[in-house]
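Visitor: I would like to go through this structure step by step. Could you start with a term that I will need?

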Amino acid sequence: MDDWFPLLLSLRVATMATLVATTLGIALAYLLAKGRFRGRGLLEAIITLPIVLPPTVLGFYLLTLLGVNSGIGRAWERVFGGPLVFTETAAVIAASISALPFVVRTARAAIEGVDSRLEALARVAGHSEWHVARLVTLPLARRGLAAGVALGFARALGDFGATIMVAGNIPGQTQTLPIAVYDATQAGDYGTAHVGSLILAAIAIVVLLAISQFADRRI
Amino acid sequence: MSNVTITATTATGGSSVHADFVAGPGITALFGPSGAGKSVTLATIAGLLRPVTGTVTIEGTVVADAAAGIHMRTQERRLGMVFQDAALLSHRSPLDNVALAVRGGAGGRERREVARSWLERVQAGHLAHAPTAALSGGERQRVALARALAGDPRLLLLDEPFSALDHHTRVALRQLVLDIVADQDIAALLVTHDVDDILALATSVVVFEPGRTEGTYAVNARDVPALLRDMRVTPHGDPGP
């Protein structure tokens, strides 16, 4: 493989997407774990959708939502002078949405696993709900949160279907490593496909090993 | 003078608990079989649960009134709470655990000073920076007691604080609780299964039967045989048939 752009783009997109999915995902996980409100089940279903939908369908909806004829797409174009779709930003959005349910589900389980008496004691001691979350819930859930972030990163790095739908396959611009592997295979360039696949598989294994480390370590 | 008055029904997952008693100064024991609703009653007084009917009053302040829709937040009730297994934050030092419970606008350094003095008061000053997860059961309960006191509470809620301890440690901690309640001139509610706890600490005892309080009895040496008969228990034993 002599063109490293797809790998660098993939790492950049996955890192940005992980930041987005982590911030949004932990907030949503906390809301789902602690909140009692109407529509909670529906919200959870919508967040989980990217796991069960075909990635092309997810990508199609994102294309419809963010495309040049959509409200968001037009607003974006007015502000930034160019379309949102078929850009690196679109790839970040697609990867973020794909990663989000993995962050939310893992983080939610971790937050729900925190001993509720510790949270009760913090309230008894006079701490606001925000302080209870910051001092007690999130620190005690940190291993599960880290596992969710790692899983989200792996998912963001590996996204193919949603990314190709909404960001396209523009070499040197939006062609991420999974898409480059697809392209190389289609072109009969099995050498490049092998190298790209090996890199993605190696990163995935490292991430999964890291997750099992988070789970095993006890303090 | 009454420190706590509760006449309230609290629903938890299908069953409900009706508590009706007045607790004065000193230590009032809540006694009865497991699952009778003693811990639910403490949670209702703490504001962690909302009663479906009735009222809770702490030192003359109505903190909960179901009919009037009053529910003072737990944070504002100025309580101290201790659970059976201490429930310390394992990612913080014992000193931090206590310092986090110091109330008011005090800065970090001031909170730590208050926390340190409370740790010393419970003879745990040497544990300030010990690894929290490595503390023994008795050490953990001392830290938990310091944490409960650090917020300058007007009422202590003790949920079986001695039941996980060996006999020797239990006797030492009983004396500590007795001394602190006398020194600080505060009231305490003590959930316990242990008649010895009641005899050693309590001025009165609220007896629970499943789902409700049965009655309140004064504890003094002369009345003890009658008290135990009333409670249908034998000394050193569990409730009889």
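Guide: A residue is called buried under 20% relative accessible area, exposed over 50%, and partly exposed in between (1.4 Å probe, protein chains only). The model is predicted: local features need pLDDT of at least 70, side-chain atom pairs count only at pLDDT 80 or more, and totals for chains, interfaces and linings use all residues. Residues are numbered from 1 along each chain as its sequence is written, chains are lettered from A and ligands numbered from 1 in the order in which they are written, and side-chain values use heavy atoms, leaving out hydrogens and water.

Visitor: What is the relative accessible area of W4(A)?

Guide: W4(A) has a value of 43%, which makes this residue partly exposed. W4(A) belongs to the segment before α1 (5-34) of chain A. Helices (H or I, at least four residues) and strands (E, at least two) are DSSP runs, numbered from the N terminus.

Visitor: Now the aromatic rings. How many aromatic pairs does the structure hold?

Guide: Over all chains there are three aromatic pairs. One of them joins W76(A) and F80(A), whose centres are 4.2 Å apart and whose planes make an angle of 35°, a tilted arrangement. Rings of Phe, Tyr and Trp (its six-membered ring) pair if their centres lie within 6.5 Å; planes under 30 degrees apart are stacked, over 60 edge-to-face, and the rest tilted.

Visitor: Where do W76(A) and F80(A) sit?

Guide: Both are in helix α4 (residues 71-80) of chain A; because they are four residues apart there, about one helical turn separates them.

Visitor: And is F80(A) buried or exposed?

Guide: F80(A) counts as exposed, at 56% relative accessibility, whereas W76(A) is partly exposed at 26%. Another pair is that of F160(A) and Y182(A), with centres 5.3 Å apart and planes at 55°, so this pair is tilted.

Visitor: Which parts does the pair of F160(A) and Y182(A) tie together?

Guide: F160(A) is in the loop between α8 (142-158) and α9 (161-166) of chain A, while Y182(A) is in helix α10 (residues 177-186) of chain A, so the pair connects parts that are 22 residues apart in sequence. F160(A) is partly exposed, at 29%, and Y182(A) is partly exposed, at 39%.

Visitor: In which sense does β10(B) pair with strand β3 of chain B, parallel or antiparallel?

Guide: Strand β3 (residues 26-31) of chain B pairs with β10(B) in the parallel sense over four bridges. Two strands pair if DSSP finds at least two bridges between them. A29(B) is the residue opposite V205(B) in β10(B).

Visitor: And how many bridges join β10(B) and β11(B)?

Guide: Six bridges join β10(B) to strand β11 (residues 212-218) of chain B, in the antiparallel sense. Here E209(B) stands opposite R212(B) in β11(B). Their hairpin has two residues between the strands, and G211(B) takes a positive phi near 85°.

Visitor: What about phi of E160(B)?

Guide: Most residues other than glycine have a negative phi. E160(B), however, has a positive phi near 50° and is not a glycine. E160(B) lies in the loop between β8 (155-159) and α5 (167-184) of chain B, and is buried at 16% relative accessible area.

Visitor: Is D185(B) buried or exposed?

Guide: D185(B) is exposed, with 67% relative accessible area. D185(B) also has a positive phi, of about 55°, without being a glycine, and is found in the loop between α5 and β9 (187-192) of chain B.
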